[in-house]
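Welcome! Please take a moment to look over the protein shown here, and then let us walk through its parts together.

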Amino acid sequence: MRRKRLSRSSSHLLEKIENLHSTPLYQLSDLLKDLVVGAQMQGDPAGEQKINTYVQNILDRLPHRLDDRFLFDAYLIQSTLNSWSQGEIRLSNMVIPTYSIDWGHEPPILIQSVRNSQKHRFDIIRIRSNEQEGNPDLIDYPWLFHELGHLLISKHGQTILDRFLPKFNTLISRLKIRSIADTGSAKIKADMITEEISARWIPSSINDPAWLRELVVDVIALWSLGPAYIEAFESEHTNVSDPFLIEQGHPPVELRTRALVETANKLGWKNETQKLKASIKLWRDDLPQLIRNRYISLSQIGLINAAINVTTDFCTTAKIPRLDTPQMERIIGLINDNIVPEESVEIIFGAFLVYEKDETIYENWEANIYQTLVNEIKP
Ligand SMILES: [Zn+2]
């Protein structure tokens, strides 16, 4: 009796897995099917139940519907990863978009194939969308590059950390030399600050949250999308309640904003950061006295510049496409000629251009681009 019920639950599960087969998740579908069928053939109800629960948990992490929107987002993700994989690095793994109240990235789904024991990894990116329906808001999509940036450095970011550390250590030893004459409580304070800088900035591994990691990802997104990322960052952060909030994972907004302005200067987007600079100035006037010295030490420009330099060096070596002037002019040309953009950078930067030029035509433009692309992508 019990055996029969379990089999029925397996066949229900298999039906769900089968539905994935005609989607970009066909590879996941095959792996899960092998698992469920394999467990069923073992004739061990407890083992079968265990596998079924495991598979169900994986299915629960997928988006509710694998509809047009899902296809579109999966396409944008793939397009980005392809463009990043033209040079030294390879980002060929499947990345699955899911929908949530905020952007984010989740721990990957890891599955070992029952056929050849090969391990497969499926990364998950959360797209900000209250409902997984309707058109995407492409103006918000520069954050997709930020989240994919996390993925990029989780796989290839060790060189960034390796290059950052010597610069970091030099800065820290300079601080130590400066406080060498300190005694008593001044000495203790100086030691505490240098310890805190290390704790906040340096991840114990490149996958752990730390200030460096977040700044690196901002640089990658700005490198890729230029003013479109500046604009997205601005609308996200300029009204933040406490720009000096010190937490472990994310650097204070004021620090991130300064890093973005510095990066923009370096990459030739100086004129696009007026609003950000105005925000920094306003915030700085209100830097709480209580944390002033500590904050200034934690967010010093030497650390920011070191983070920016190692990241732009990484992007250059890894041949991550940069939105430079020729590239930008090419996309402006596409938009002006009413050509439907195809690559993710063209789509997201194109949306930014259209919105900047005329907000009133943006909605129609976007709906048209979305529909045209979905029709092209659909199997
Ligand atoms: Zn982030």
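In which sense do strand β2 (residues 104-112) and β3 pair, and over how many bridges? They pair in the antiparallel sense, over seven bridges. Strands are DSSP runs of E with at least two residues, helices are DSSP runs of H or I with at least four, and both are numbered from the N terminus. Two strands count as paired if DSSP finds at least two bridges between them.

Two notes on reading the model come next. What you see is a predicted model, in which local features need pLDDT of at least 70 and side-chain atom pairs count only at pLDDT 80 or more, while totals for chains, interfaces and linings use all residues. Residues are numbered from 1 along each chain as its sequence is written.

## The whole protein

The secondary structure comes to 16 helices and three strands. Along its principal axes, the C-alpha trace spans about 80 × 60 × 40 Å. Of the 379 residues, 33% count as buried. A residue is called buried if 20 or more other C-beta atoms lie within 10 Å of its own, exposed if 12 or fewer do, and partly exposed in between, with C-beta atoms placed from the backbone. Among contacts with a separation of 6 or more, 69% join residues 24 or more positions apart. Here, two residues are in contact if their C-beta atoms, placed from the backbone, lie within 7 Å.

## The sheet

The three strands form an open sheet in the order β1-β3-β2, with mixed pairing. Its edge strands are β1 and β2, each of which pairs on one side only. Neighbouring strands of this sheet are turned by 25° against each other on average, direction ignored. Helix α4 (residues 68-84) packs on the sheet and touches β1 and β3, and its direction makes about 135° with that of β1. Such angles run from 0 to 180 degrees between N-to-C directions, and axes are lines fitted to C-alpha atoms, for helices over the stretch in contact.

Strand β1 (residues 94-100) and strand β3 (residues 119-128) pair in the parallel sense over seven bridges. Within β3, I124 stands opposite I96 and also opposite E106. R128 in β3 stands opposite S100.

β2 and β3 also form a hairpin with six residues between them. S117 lies in the loop between these two strands.

Most residues other than glycine have a negative phi. S117 has a positive phi although it is not a glycine, and K319 is likewise not a glycine but has a positive phi. K319 is found in the loop between α13 (301-318) and α14 (325-336). The table sets out their values.

| Residue | Phi | C-beta atoms within 10 Å | Class |
|---|---|---|---|
| S117 | about 65° | 7 | exposed |
| K319 | about 60° | 14 | partly exposed |

## A buried helix

Helix α8 (residues 211-225) has 15 residues and reaches 21 Å from its first C-alpha to its last, close to the 21 Å expected at 1.5 Å a residue. That expected span is 1.5 Å times one less than the number of residues. Is α8 enclosed or open? Since 15 of its 15 residues are buried, α8 is largely enclosed by the rest of the structure. After α8 comes G226, whose phi is positive, near 50°.

E214 is buried, with 20 other C-beta atoms within 10 Å. Leaving aside neighbours within four places in sequence, E214 is in contact with H250, P251 and R256. The C-alpha atoms of E214 and Y99 are separated by 22 Å, and these two residues are 115 apart along the chain.

## Two packed helices

The axes of helix α15 (residues 344-357) and helix α16 (residues 359-377) come within 8 Å and cross at roughly 155°. That makes α15 roughly antiparallel to α16, a term used for angles over 145 degrees. From α15, the contact is made by I347, A351, V354 and Y355, and from α16 by E359, I361, Y362, W365, E366 and I369. These residues divide into eight nonpolar, no polar and two charged. In this grouping, Ala, Val, Leu, Ile, Met, Phe, Trp, Tyr, Cys and Pro count as nonpolar, Asp, Glu, Lys and Arg as charged, and the others, Gly among them, as polar.

Technical notes. Parallel < 35°, antiparallel > 145°, perpendicular 65-115°, else oblique.
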